[in-house]
Amino acid sequence: GSVGPPEVDLRATLDPVGEPGDGGPVVVAFTLTNHGSQPVSVLSWYTPAEGLRSNGVTVSRVGETLPYRGSMAKRLDPPREAYLQLGPGESHRVELDLTAGYGVQGAGDYEVVFDGVVDDVAGPGTDLPVSVAAQQPYALGPVATTVRLGQLRCRGPRINPGPVAARPGAASAGHPGGLSLRAGFEVVLRQAFLEEEPVDLA
């Protein structure tokens, strides 16, 4: 199949945002960057680049896929405004609220995956929009991150849980099309009681 116009070098990342709290939103950021030497037009439909207007990522916990709760529009040919215009070195960043879009809640590891497929990438001079029949898909390769939500709740004296820790995972190898993935980011939230003052048990 087609893999987009020549000399396209798009790269994507998924990263946790902030420190997910008890009952608060769980957010990841999707960033798409043009590392090529030419401007490109990227169709945002069905990718995380359009936010929660479609099921652009897969969210799973313990191997079970969470249902998407956002909008799902019936679409035909895309309008011009559905394309992102990215010059050389330019990025598009959007934050995804997984609590609202996928019902993420409760302790556990949540894996968030973008399959890395963009339905159409057009080079300079292309007349936009492009009909579905003439689109040129582009495969970045999958991008993933893991958000870990953990809570410690018990009866009796509260233990000071210590600071929130965030630690990056190892970067994966490059993929065809110039993608360099950063995967495996984890946000570890350690939390005890939410009552008043911590009690030092020492």
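V104 touches V26, V59, L66, L98, T99, Y110 and L149, with residues up to four places away in sequence left out of the count; a contact here means heavy atoms within 4.5 Å. V104 is also one of the residues with the most contacts inside the largest nonpolar core, together with L10, L32, V42 and L98. That core has 32 residues. A nonpolar core is defined as a set of buried Ala, Val, Leu, Ile, Met, Phe, Trp, Tyr and Cys residues joined through side-chain atoms within 4.5 Å, where buried means under 20% relative accessible area, exposed over 50%, and partly exposed in between (1.4 Å probe, protein chains only). Two or more residues of the core come from each of β1 (10–17), β2 (27–34), β3 (40–43), β6 (83–86), β7 (91–97), α1 (98–102), β8 (108–114) and β12 (143–149). Another core, of 7 residues, lies apart from it and includes L43, A82, Y83 and A122. In soluble globular proteins, nonpolar side chains tend to be buried together.

The model is predicted: local features require pLDDT of at least 70 and side-chain atom pairs count only at pLDDT 80 or more, while totals for chains, interfaces and linings use all residues. Residues are numbered from 1 along each chain as its sequence is written, and side-chain values use heavy atoms, with hydrogens and water left out.

## Overall composition

The protein contains 1 helix and 16 strands; helices (H or I, at least four residues) and strands (E, at least two) are DSSP runs, numbered from the N terminus. Of the 202 residues, 42% are buried. Among contacts with a separation of 6 or more, 78% join residues 24 or more positions apart. The protein exposes about 10900 Å², of which carbon and sulfur atoms supply 53%; accessible areas come from the Shrake-Rupley method with a 1.4 Å probe, and for residues only the protein chains shown count as cover.

## The sheet β1-β2-β7

Three strands form an open antiparallel sheet in the order β1-β2-β7. Two strands pair if DSSP finds at least two bridges between them. β1 and β7 stand at the edges, each with a single partner strand, so one side of each has no neighbour in the sheet. From one strand to the next the twist averages 20 degrees, with axes fitted to C-alpha atoms and angles running from 0 to 180 degrees between N-to-C directions.

V28 in turn has L96 of β7 as a bridge partner. In β2, 8 of 8 residues are buried. Both faces of this strand are covered, with V27, A29, T31 and T33 on one side and V28, F30, L32 and N34 on the other. In a regular strand the side chains alternate between the two faces of the sheet.

## The sheet β6-β3-β10

A further open sheet of 3 strands has the order β6-β3-β10, again with antiparallel pairing. Its edge strands are β6 and β10 (121–122), each pairing on one side only. V42 of the largest core stands opposite V121 in β10.

| Strand pair | Sense | Bridges |
|---|---|---|
| β1 and β2 | antiparallel | 8 bridges |
| β2 and β7 | antiparallel | 7 bridges |
| β3 and β10 | antiparallel | 2 bridges |

## Loop residues and backbone geometry

S54 lies in the loop between β3 and β4 (58–61) and is buried, with a relative accessible area of 1%. Leaving aside neighbours within four places in sequence, S54 is in contact with Y46, T47, Y68, S71, M72 and R75. The side chain of S54 reaches the backbone nitrogen of Y46 at 3.4 Å. S54 and A73 are 19 residues apart in sequence and 7.5 Å apart in space, C-alpha to C-alpha.

Y46 is in the loop between β3 and β4 and is partly exposed, at 37% relative accessible area. Its phi is positive, about 65 degrees, although Y46 is not a glycine. V62, in the loop between β4 and β5 (64–65), likewise has a positive phi, near 50 degrees; V62 counts as exposed at 79% relative accessibility. The peptide bond from L128 to P129 is cis, with omega near 0 degrees, and P129 lies in the loop between β10 and β11 (138–139). Most residues other than glycine have a negative phi, and most peptide bonds are trans.

Conventions
A polar contact is a pair of N or O atoms within 3.5 Å; within protein, one must be able to donate a hydrogen and the other to accept it, and residues adjacent in sequence count only if both atoms are side-chain atoms.
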